[in-house]
Amino acid sequence: MNVDLEKPVNRFSNIIVLLFVLLCLPLYAQNDSVEVTATEAVPEIEYTLNRKTYEIASIEVEGADSYEDFVLIGFSGLAVGDKIEVPGDQITKAIKRFWKQGLFSSVKIRAKKIEGNKIWLVISLVQRPRVSEVRYEGLKKSEKEDVEVKVGIRTSSQMTPNLEDHAKTVIKKYLAEKGFHNAEVSVLQQNDPDHPGYVRVLIAVDKKFKTKVGKIYITGNEALSDLQINKAMKKTNDNNIINLFRTKKFVADEFEKDKQAVIDKYNEHGYRDAYIVSDSIAPNPEDPTRVDVFLTVSEGKKYYVRSIKWVGNTVYPYEYLNATLGIKPGEVYNLKTLNDRLTGDDDAVSKLYTDRGYLFFNVEPVEVNVENDSIDFEMRMYEGKPATINEIKIVGNTRVYEHVVRRELYTKPGQLYSQSDIMRSLRELAQMGHFDQEKLVPDIQPNPEEGTVDITYMLETKSSDQIEFSLGWGATGLVGSLGLKFTNFAIQNLFNKKSYRIVPQGEGQTFSINARTNGIYYTSASISFLEPWLGGKRPNSLSASIYFANQTGYSSRYQKAYQNLYNTYSNYYYYSGNSNYYQQLAESEADKDKYLRTFGVSIGYGKRLRWPDDYFTFYGELSYQMYMMKDWPYLLISDGTSHNLSLNLQLSRSSIDNPIYTRRGSQFTLGLKITPPWSLINGKDYSQMSNAEKYHMIEYHKWKFTGKVFTPLTKDSKLVLMSRVEFGYLGHYNQYAKSPFESFYMGGDGMSSYTSYATEYVAMRGYQSGSLTPYDLTTGRNMGYLYNKFTMELRYPISLEQSATIWALAFVEAGNCFSDIKDYNPFNLKRSAGVGVRIFLPMFGLLGVDWGYGFDEINGSKQYSGSQFHFVLGQEL
């Protein structure tokens, strides 16, 4: 006989139950499922105030096949050998434990048998069904992906009432954050005929309409206008013109934040006592999908700073602290500015201390006296003792040798703690290119008792090696390029087979190899090497490169036919024939006896300077190029050899925070490339010399300046304004020896179908390639000897993931190119504007496409401006 042990204690009910059990004794004795015979004692439970104690002899579980019996028995809190009271709290608590989990629709604990002071128990459970399928209706794909993780209803999990309620709450909250305050959510279950004990779950969502802000009514404001208050609220916005690009949806949680933002705005203007008297939301009478917002404010009086006193300062005198704070007596009380100048800004008071090791520094501004509209402040400081760096750990580096990482750090064990040193270390780690810049986070663990601090640099390794494979279309057909760039090369490990991953790796050196050809007219190859830490102790770089290029000319027959295709007008070439015919002809008219061959080598040395600051670097490079020409009609020299021996000097300063998607900082480079003044040395009369003699030894002096400034425009530093200015000038020592090499070729995307070592390509979006290059009367060629360019570019990231960094951009540009410094006019600029996108893939580098529109005519024609598309491969426009 089985007896349910959870009964009420009511005396009358107990008597009725006892009588019912006694009367039904014969029936129970004949039931086959009961282990008690007619001659055996019936398990009799006295549900009276007098409880009896039993020892548990056995515990069985039924109805829960998905769980092990010992797990459920252990969860019940009951065990064989325990002594329990019947009726008693132990049984009730055990049942409550099961109910609390919500995994069972029925829970009973029965007495199967009672003998003397021993009792045999059965835990009878009915499981809730499991989920075989989950479907969503009424949600977009992106919305479904957002909520399904939070909802928690997954296949094979048990479906419980708590889970159902949780799903409804999560989805309604999610939709409310998007402005759908009236959404309805239903969770429907249907038995799965193919899987007994399972149900199919349908989560049906009716979003109704999105609730938007209609009008905002503000009363009680005099010091701040409605427009100022409206602007202070970031998420609760009406249709005012200032909110053109802001969200108009109404979200209750955001409204609460915006009310505090209004108070903060009042505090910035000196109204420290301002508060929201009342606020309410009412349906808009004209549009049921909108609500009107009503705010009543109390502004109070305007306060001023009367005095500032420093307490507890021993490191810096109060005069210096006052100068750093920058708030003078008599200024309007501004709580935001006060907090920013104390701890928030990059040059705040706290920065003075944290950069000198005072990690435990704290300052609290206290209003010690408020009289009428004046406030006396007391800056209570706790300087503490300087903290010394105890240990520095590197976690997550699996790419380069650890000493390669540590040499970039500005923090060293035994040094005083410095916040600036940590930020600089993060910048240098980002510049290495081996780690995900978006996930560079230092873990700082101070130990106040010991006066030390442990710093752990958390790194996430990424591959920065690149492979370049590109195809382009040039004047002579298809051009293919293949390049490999290894940024973790280790020349020291050439004979260490264990370090090889295609090439020996580990030391952070850069090794590049590139080849380009179209099979007939053009072939080039180059190899370069860079050691960023020569000797391993100082950041002095050593670079070397060698390259060779061969260009083949057209046959005389093709050149004659080519003249029928183009006409010369205003020193530019205009289309006037069937280009497809001549394109096909060009592909079969190569003349190997006509060529321009270029051979070059260079070696450079760079050094990081300490003055004016250590963001400055100096780089010097000695290079040599040899140009070998035979029957080459495209330069001033058709036959002969020209030599270019030059010294390139560069002074640079770079403080950018990230080499890929830069948010802040600047880059400035001043460069001078010079050759010996051969015409002054040899004393010859160059006006009487042939071109081959003039340019046997090339001479020039080339000046370049480039400046870029990155300014974040939003608090999250995602929207960035990049401003750039460029200037280049190619000068000469002798007017009769103006160099035909190293001139500027301006316009287009700055890339050539071929790699030319004789010309520098300058990008100018919105114009065709080379279309801004002027005609030089001296040389009789299109050559630029001076250019300037100004750019403003607005950037916003689409993805900052390690696998791909993507950002969109909009730009305005102005620039021009001149053949002589006498012709230079800084206001004679060609203008353009456009949009584009960039994607940086670790394997392929920087890729992108721009659309630009050139506003100005070239020699009275819009043929070379107007709408233009430009492609980016590896370089920045």
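Mentor: The account below begins with the whole protein, turns to the charged pairs, and then moves to their surroundings and to other elements.

The model is predicted: local features require pLDDT of at least 70, side-chain atom pairs count only at pLDDT 80 or more, and totals for chains, interfaces and linings use all residues. Residue numbers start from 1 along each chain as its sequence is written, and side-chain values use heavy atoms, with hydrogens and water left out.

The protein has 877 residues, of which 44% count as buried; buried stands for under 20% relative accessible area, exposed for over 50%, and partly exposed for the range in between, with a 1.4 Å probe and protein chains only. Its secondary structure comprises 17 helices and 41 strands, taken as DSSP runs numbered from the N terminus (helices H or I of at least four residues, strands E of at least two). Among the contacts (heavy atoms within 4.5 Å) with a separation of 6 or more, 62% come from residues 24 or more positions apart. The accessible surface amounts to about 45,400 Å², and 54% of it belongs to carbon and sulfur atoms; such areas follow the Shrake-Rupley method with a 1.4 Å probe, and for residues only the protein chains shown count as cover.

The charged pairs come next. The whole structure holds 48 salt bridges, each being a side-chain nitrogen of Lys or Arg within 4 Å of a carboxyl oxygen of Asp or Glu. Arg-200 takes part in one with Glu-133, where the closest N and O atoms are 4.0 Å apart. Arg-200 belongs to strand E8 (residues 198-206) and Glu-133 to strand E6 (residues 130-137), so this pair ties together parts that are 67 residues apart in sequence. Arg-200 is partly exposed at 30% relative accessibility, and Glu-133 is partly exposed at 32%. Arg-200 also forms a salt bridge with Asp-192, with a closest N to O distance of 3.3 Å. Asp-192 counts as buried because its relative accessibility is 6%.

Beyond E8, Lys-207 occupies the loop between E8 and strand E9 (212-219). With a relative accessible area of 15%, Lys-207 is buried. Its side chain is joined to that of Glu-143 by a polar contact of 3.2 Å; the term denotes a pair of N or O atoms within 3.5 Å, where within protein one must be able to donate a hydrogen and the other to accept it, and residues adjacent in sequence count only if both atoms are side-chain atoms. Leaving aside residues up to four places away in sequence, Lys-207 touches residues including Gly-138, Leu-139, Leu-175 and Phe-180.

A further charged pair is found elsewhere in the chain. Arg-838 and Asp-850 meet through their side chains in a salt bridge of 2.7 Å, N to O. The pair connects distant parts of the chain, Arg-838 in strand E39 (residues 830-841) and Asp-850 in strand E40 (residues 845-854), twelve residues apart. Arg-838 is buried at 4% relative accessible area, and Asp-850 is buried at 0%. A network of salt bridges includes Arg-838 and Asp-850, and among its other members are Arg-724, Glu-726, Lys-789 and Glu-813.

Phe-250 lies in the loop between helix H7 (226-232) and helix H8 (252-268), and its relative accessibility of 8% counts as buried. The C-alpha atoms of Phe-250 and His-181 are 8.6 Å apart, although 69 residues separate the two along the chain. The residues that Phe-250 touches, not counting those up to four places away in sequence, include His-181, Val-213, Phe-255 and Ile-281.

Just after H13, Gly-433 adopts a positive phi of about 85°.
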